[in-house]
Amino acid sequence: MILKKIEYSEHGDTPHYWEIRDVEFGQLNLIVGLNATGKTLLLKAISKLASFMSPNLDLIRLIKDGRWKAQFYDKTEDFIVTYELEKSDDIVKTENITSNRAFSSIRNNGEVKISLDNNAEFVERLRWSSQSSLYSLRDPILYPIPEKLIDWAAGYQQYRFDDINQFREYYAKDKMENRSAPLIIPLLIKLLNNDVIKEKLTEDFNYIGYPIDDISIDQVKRLQFTENTVEVSVKEKGLECLTKYYAMSQGMFRALTLIVIIEDLLLSNSECTLVIDDIGEGLDFDRSSKLIKLIFSKLKDSNIQFIATTNNRFLINAVDIRDLNILEREGHVVKSYNYSNSKEQFDEFEFTGLGSFDLFRYQMYKTQEAQVE
């Protein structure tokens, strides 16, 4: 199941009001906009929704207010689910689930009324007013749609591309399942045991513009630590010494980390939504363009939905315009222009022969009337 569409608002009827409109997603997505347009606000809205739908009570407690209307698509069984949520003062005011499968779940205070496609109706009583009703409907046989929404939330993964701390120490006794960022060492411990995967990682890193011969992990004894530390190194072409992870440029380390994360997800073949904020941060234009192209080519037709943001407008040239969401902000309202809601303008642009960046520069994703305004 993938996120197909989202609308969001918060702090209604106050000076702090924000609204996001008409953001529609496919399997691969690049969200582009100027600084302070609303890219991070959009990702926070998605992340909050996933947290509310997840079983992690610590995350749920952080979501106090907001209104969401989200649409999900299940490509395996070809159906759409609409999920609507309103939370105010830490109390759920609205939580409704509807589907073209003739399933509906309507929440009213402490009860949820469920209607199934065989005209059967049930009423479930809820224990908590601040939590999702999804966990009162955990029955994959009777209520398969709520179960799929829970699975989507469980598979949601978001990383800030500029927050990966490459100077953190790793100890040999650390467990592989410790997936706190950065993930590169526990993931490489698993991936480098496979010679085919190791070769892929090396080839991918060479492709984006970092010529290397090898990637390795080693245990190192340091005098200031009682435990052995684990270090990632690459053997750069033309250098006799290894380049340790803490000596890499930030862009180099982030790119390597992201390539490793992608390869691990592909190896597991599990469905998930992977979100990266500021994907080109720390990279020059050529390398960031190649990184985007590499990721999109590797994830095409996979089980992974990929959503990334960037303020590098030139990266538009690296992807198909059908994979774009171009954000604009007017006051407190963030509006998205994409192939779904501006199909005529996107189709007309393809016949111009212009480069994709011109779509952004001349605002050709809008109607002519809107461009004049």
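Strands β1 (residues 2–10) and β2 (residues 18–24) pair in the antiparallel sense over five bridges, where pairing takes at least two DSSP bridges between two strands. Strands here are DSSP runs of E with at least two residues, helices are runs of H or I with at least four, and both are numbered from the N terminus. Strand β2 is mostly covered, with five of its seven residues buried; buried means under 20% relative accessible area, exposed means over 50%, and partly exposed is in between, using a 1.4 Å probe and protein chains only.

A word on what you're looking at: this is a predicted model, so local features need pLDDT of at least 70 and side-chain atom pairs count only at pLDDT 80 or more, while totals for chains, interfaces and linings use all residues. Residues are numbered from 1 along each chain as its sequence is written, and side-chain values use heavy atoms, with hydrogens and water left out.

Next, take T82, which sits in strand β5 (residues 79–88). T82 counts as buried because its relative accessibility is 15%. Setting aside neighbours within four places in sequence, T82 is in contact (heavy atoms within 4.5 Å) with K69, A70, Q71, N96, I97 and T98.

Further along, there's an open sheet of three strands in the order β11-β12-β13, paired antiparallel. β11 (212–220) and β13 (243–244) stand at the edges with a single partner strand each, so one side of each has no neighbour in the sheet. Two bridges join β12 (residues 229–236) to β13, and S233 stands opposite K244 of β13.

Helix α4 lies across β11 and β12, running at about 70° to β12. Angles go from 0 to 180 degrees between N-to-C directions, with axes fitted to C-alpha atoms, for helices over the stretch in contact.

α4 (residues 184–191) also meets helix α6 (residues 250–268): their axes come within 10 Å and cross at roughly 50°. The two are therefore oblique to each other, the class left over once under 35 degrees is called roughly parallel, over 145 roughly antiparallel and 65 to 115 roughly perpendicular. On the α4 side the contact is made by I184, L187, L188, K190 and L191, and on the α6 side by F253, L256, T257, V260, I261, E263, D264 and L267.
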